[in-house]
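Dear colleague,

I am passing a structure on to you, together with some notes on what was found in it. Please look through the sequence and the model before reading the notes.

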Amino acid sequence: MRAYQGARQQTTPVWFMRQAGRSLPEYRELRVGTRMLDACLNPELASEITLQPVRRHGVDAAIFFSDIVIPLRLAGVDVDIVAGKGPVLGKPIRTAADVAELTSIDPASLDATVFAPIAEAVRRTVTELETIGAGDTPLIGFAGAPFTLAAYLVEGGPSKDHIRARTLMHADPAAWAALMDWTADVTGAFLRAQVLAGASAAQLFDSWAGALSLDDYEQYAAPASARALTHVRDLAYPVAAAGVRSVPIVHFGVGTGELLTAMHDVGADVVGIDYRIPLDEASRRLGHTVPVQGNIDPAILDAPWPVLEAHVLDVLERGKSAPSHVLNLGHGVPPETDPAVLTRLVEFVHGI
Ligand code: 1CP
């Protein structure tokens, strides 16, 4: 949390996006017979899966096990996660009429009762972190940014170029804006529920924002991301020595080298950097004033150890050009990754 607040730490903290998931045999075992979204809505299971990588790797943060489409499902949207594919919608949102039907669901209906399984899972996790002797390991909550969620809503599932979503924003800007505002309030409520229940930081994933030009990002995506973040901006968490601090907000997307400043400007404290741009160059683009998170190339996790070690040292060196640095991957842990490599990596970084 101190690194997120801009204070450089003697040892660089490290966690991994998608650290909870298919790379862990204990995850695959727990998930047998339970659908992904059902696992997310089972507090005991979600909490246990969140803790698995903390126990195994000794990472410096837990990330809440859930999915970006959970608030859509809780709002009543027909969405499921298909194994090996990702989120799939029963009925894609393609027209102004589709948008009107979707946005007739009042985001305010997502109240504490609806979010009860999420809040319960977060509370269990925070309590359990203390029980396993990792009480100073923070839990990071997360949500999908409106553009990335809208990309799934409009496409109806995973897509390479998100062309239907990008068409809609230009073809019917009013319908697009209504869709984005609604999505911002739904995903913002999900993030708020996690922080209220005890998450210490919040990461907004705009995974697919890199599909947008800077102009389109600023006009058609950034305002809704800023709106989503207003749902947690007023929240603070207690700090033993210093009273309270506002909850740090991390903002990450893939292929977003051209968007970094705009992504910071929506109200982020920390910018997550993918592996396509070196951290020192990312930090330069951010005026050397913004804490950064990233950006080990996930492909190198499976290379011989000396290659990975040299890469990690290079990332750490480049990270010094930012005020502070939280080491992470440039995107999620690939499912085939040998978990022993991640454990060794954490030990290596902690030993520096
Ligand atoms: O079968 C399985 O085990 C399901 C695979 C899986 C998992 C483990 C999915 C389906 N989601 C998750 C969990 C998840 N999703 C986490 C857990 C916490 C952790 O990091 O350990 C997080 C943070 C997410 C967020 C998420 N879901 C994002 C943003 C992060 C990113 O990777 O860019 C996105 C884009 C999704 C959608 C999604 N859900 C699942 C998949 C396979 C996808 C991506 C599909 C696509 O390529 O479009």
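Predicted model: local features only at pLDDT ≥ 70, side-chain atom pairs only at ≥ 80, totals over all residues.

Residues are numbered from 1 along each chain as its sequence is written, and side-chain values use heavy atoms, with hydrogens and water left out.

Around the ligand there are 25 residues, of which R18, Y27, Y152, S207 and H331 come nearest (a residue is near a molecule if one of its heavy atoms lies within 4 Å of it). By class, this shell has 15 nonpolar, five polar and five charged residues, where Ala, Val, Leu, Ile, Met, Phe, Trp, Tyr, Cys and Pro count as nonpolar, Asp, Glu, Lys and Arg as charged, and the others, Gly among them, as polar.

A polar backbone atom of R18 is 2.6 Å from a ligand oxygen, a backbone N or O atom of Q19 lies 3.2 Å from an oxygen atom of the ligand, and for R31 a polar side-chain atom lies 3.1 Å from a ligand oxygen. Taken alone, the ligand exposes 890 Å², and the protein buries 89% of that (accessible areas come from the Shrake-Rupley method with a 1.4 Å probe).

The structure also holds seven aromatic pairs (rings of Phe, Tyr and Trp, the last by its six-membered ring, with centres within 6.5 Å; planes under 30 degrees apart count as stacked, over 60 as edge-to-face and the rest as tilted). One of them joins F142 and F205, whose ring centres are 5.6 Å apart with planes at 85°, so the pair is edge-to-face. Because F142 lies in strand β4 (residues 139-144) and F205 in strand β5 (residues 201-205), this pair ties together parts that are 63 residues apart in sequence (strands are DSSP runs of E, at least two residues, numbered from the N terminus).

Finally, two points concern the backbone. Most residues other than glycine have a negative phi, and most peptide bonds are trans. R18, although not a glycine, has a positive phi of about 60°, and the peptide bond from G294 to N295 is cis, with omega near -20°; N295 is placed in strand β10 (residues 292-296).

Conventions. Polar contact = N/O pair within 3.5 Å; in protein donor to acceptor, adjacent residues only side chain to side chain. Helix = DSSP H or I, 4+ residues; strand = E, 2+ residues; numbered from the N terminus.
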